[in-house]
Amino acid sequence: MIALAVYGSRLAALFESAPECVLFLPYGDVIAPAGTIPLPTQDIVQRSSILAGADVSHLLCGGICGCHRHLLMQKGITVVPWLCGSVATIITAWRNNSLGAHLMPGCPRIQAGNRHGAPHKLQRRK
């Protein structure tokens, strides 16, 4: 299950401020919408438990505190941070392995797992 931390129809600027996650379930080359999951608390332990309980394997988000990212990774969730854009744009970029074009301005090059478990090579927008 893929989760996008959102505020409205866009990725939230910070995971910690996202009121919900939009879920997607990959089926081969198709990624199907799977509903939303509320994140009713600022307690990161509870947030990570909610996502792990929903079988989320990948979290796509904007900024995220390093200790929160580490806790999610301990729960087996691959975190792909520093992204910006609409839900539709980000999920399409995920499917096309082109998330690098959607890094937040000023963010450094990062690596994170892609939908097949291999690393994405994300680069700054030019």
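The following legends describe several close-up views of a predicted protein model.

In this predicted model, local features need pLDDT of at least 70 and side-chain atom pairs count only at pLDDT 80 or more, whereas totals for chains, interfaces and linings use all residues. Residues are numbered from 1 along each chain as its sequence is written, and side-chain values use heavy atoms, with hydrogens and water left out.

**Figure 1. Overview of the protein and its elements.** The protein has 3 helices and 8 strands; helices (H or I, at least four residues) and strands (E, at least two) are DSSP runs, numbered from the N terminus. From that terminus the elements follow the order β-β-β-β-α-β-α-β-α-β-β. Of the 126 residues, 46% count as buried, where buried means under 20% relative accessible area, exposed over 50%, and partly exposed in between (1.4 Å probe, protein chains only). Among contacts between residues at least 6 apart in sequence, 40% join residues at least 24 apart, a contact being heavy atoms within 4.5 Å.

Figure 2. A nonpolar core is a set of buried Ala, Val, Leu, Ile, Met, Phe, Trp, Tyr and Cys residues joined through side-chain atoms within 4.5 Å. The largest has 20 residues, and Phe-15, Cys-21, Leu-51, Leu-59 and Leu-72 are those with the most contacts inside it. At least two residues of this core come from each of β1 (2-7), β3 (20-27), α1 (44-53) and α2 (66-74). A second, separate core of 17 residues includes Leu-4, Val-6, Ile-31 and Leu-83. Leaving aside neighbours within four places in sequence, Cys-21 is in contact with residues including Leu-4, Ile-37, Leu-51 and Leu-59.

**Figure 3. The surroundings of Leu-23.** Leu-23 is found in strand β3 and counts as buried because its relative accessibility is 7%. Beyond its neighbours within four places in sequence, its contacts include Met-1, Ile-2, Pro-33, Ile-37 and Val-56. Leu-23 and Val-56 are 33 residues apart along the chain, and their C-alpha atoms are separated by 8.2 Å.

**Figure 4. The two sides of helix α2.** His-68, Leu-71 and Leu-72 are buried in α2. Seen down the axis of α2, its buried residues fall within an arc of 100°, so they line one face of the helix; the arc is that of the directions from the helix axis to the C-beta atoms. Their cover includes α1, β5 and β6 (78-80). The face turned away from the buried side carries the exposed residues Gly-66, Cys-67 and Gln-74. Just after α2, Gly-76 takes a positive phi of about 90°.

Figure 5. Most residues other than glycine have a negative phi. Asp-55, although not a glycine, has a positive phi of about 60°. Asp-55 is placed in the loop between α1 and β5 (58-60), and it counts as exposed because its relative accessibility is 60%. Asn-97 is likewise not a glycine and has a positive phi of about 50°. Asn-97 lies in the loop between α3 (87-95) and β7 (110-113), and at 36% relative accessibility it counts as partly exposed.
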